[in-house]
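I opened a new notebook page for this structure. The entries below record what I looked up, in order.

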Amino acid sequence: MKKLLILFFSAFFLYALNLPLYFRADFIQKMQNVTYKGKIFLYKDRVLWEYNYPVIKKVLITDKMYICEPDLEQVIVSKKPDFNLFKILKKVKRDGKYYIADVKGKRFYFIYDKALQKIWYKNDLGEKVNIIFFNQSLDKFSLNVFNISCDGYDFVFY
């Protein structure tokens, strides 16, 4: 779960770069022996990670975190974790072609060139986590993407 939380919060690095209001992309997340694929949507303080490989899962972060896992027939609703990258954003510094932030003993790196390209860091188990973004778009999209349904539960935010 901690690996997943760090991944979610990594998306908030985008705000340190004063990105446009909208961001969406496909992503590949690689860890030691696991590769995840999906899409990410960001708007203001909302982020939606839609995983489609190797599992189907939606993770929506607003004022709370909503994790929809249809294969497990469950929805998890929890408070937004205290490990908050908005705090990290205050510590982001440019170092050559990379952006770096050191927070709570962890170092996060990312590459930005007109759009977010890549994030990497070591998780709590010491594994390197790489998140590569492609097919990035800064164009406006329907905010209905943040209205998710899962196992009979509807989460409507717009």
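Entry 1, confidence. pLDDT is the predictor's confidence in each residue, on a scale from 0 to 100. I looked up the chain average: the mean pLDDT is 80, and 79% of the residues reach 70 or more. Over residues 1-15 the pLDDT is below 50. That stretch still has 64 contacts in the model beyond near neighbours in sequence, a contact being heavy atoms within 4.5 Å. I note for myself that where pLDDT is low, the predicted coordinates should not be read in detail.

Residues are numbered from 1 along each chain as its sequence is written, and side-chain values use heavy atoms, with hydrogens and water left out.

I searched the whole structure for aromatic pairs and found 13. Rings of Phe, Tyr and Trp (its six-membered ring) pair if their centres lie within 6.5 Å; planes under 30 degrees apart count as stacked, over 60 as edge-to-face and the rest as tilted. I took Phe108 and Tyr121, whose pair is tilted, with 5.4 Å centre to centre and 40° between the planes. Phe108 belongs to strand S9 (residues 106-112) and Tyr121 to strand S10 (residues 116-122), so this pair ties together parts 13 residues apart in sequence. Strands (E, at least two residues) are DSSP runs, numbered from the N terminus. Are Phe108 and Tyr121 buried or exposed? Both are buried; buried means under 20% relative accessible area, exposed over 50%, and partly exposed in between (1.4 Å probe, protein chains only).

I then turned to Phe141 and Phe146. Their ring centres are 6.2 Å apart with the planes at 50°, so this pair is tilted. Phe141 and Phe146 are buried. I also noted one aromatic cluster, formed by Phe23, Phe27, Tyr36, Trp49, Tyr51 and Phe133.

Lys37 lies over the face of Tyr53, 5.5 Å from the ring centre. Lys118 lies over the face of Trp120, at 5.0 Å from the ring centre.

Entry 5, salt bridges. How many salt bridges does the structure hold? I found five, a salt bridge being a side-chain nitrogen of Lys or Arg within 4 Å of a carboxyl oxygen of Asp or Glu. One of them joins Glu50 and Lys58, with the closest N and O atoms 4.0 Å apart. Lys58 is partly exposed, at 27% relative accessible area.

Asp102 pairs with Arg107, their closest N and O atoms being 2.6 Å apart. Asp102 is partly exposed at 39%, and Arg107 is partly exposed at 39%.

For Lys106 and Asp124 I read 2.2 Å between the closest N and O atoms of the salt bridge. Lys106 lies in strand S9 and Asp124 in the loop between S10 and strand S11 (128-137), so the pair ties together parts 18 residues apart in sequence. Lys106 is buried at 18%, whereas Asp124 is partly exposed at 42%.

I found Asp26 in strand S1 (residues 22-30), buried, with a relative accessible area of 15%. A polar contact of 2.7 Å joins its side chain to that of Asn135. A polar contact is a pair of N or O atoms within 3.5 Å; within protein, one must be able to donate a hydrogen and the other to accept it, and residues adjacent in sequence count only if both atoms are side-chain atoms. Leaving aside neighbours within four places in sequence, Asp26 is in contact with Gly38, Lys39, Ile132, Phe133, Phe134 and Asn135.

Technical notes: Helix = DSSP H or I, 4+ residues; strand = E, 2+ residues; numbered from the N terminus. Lys NZ or Arg CZ within 6 Å of the ring centre and 35° of its normal.
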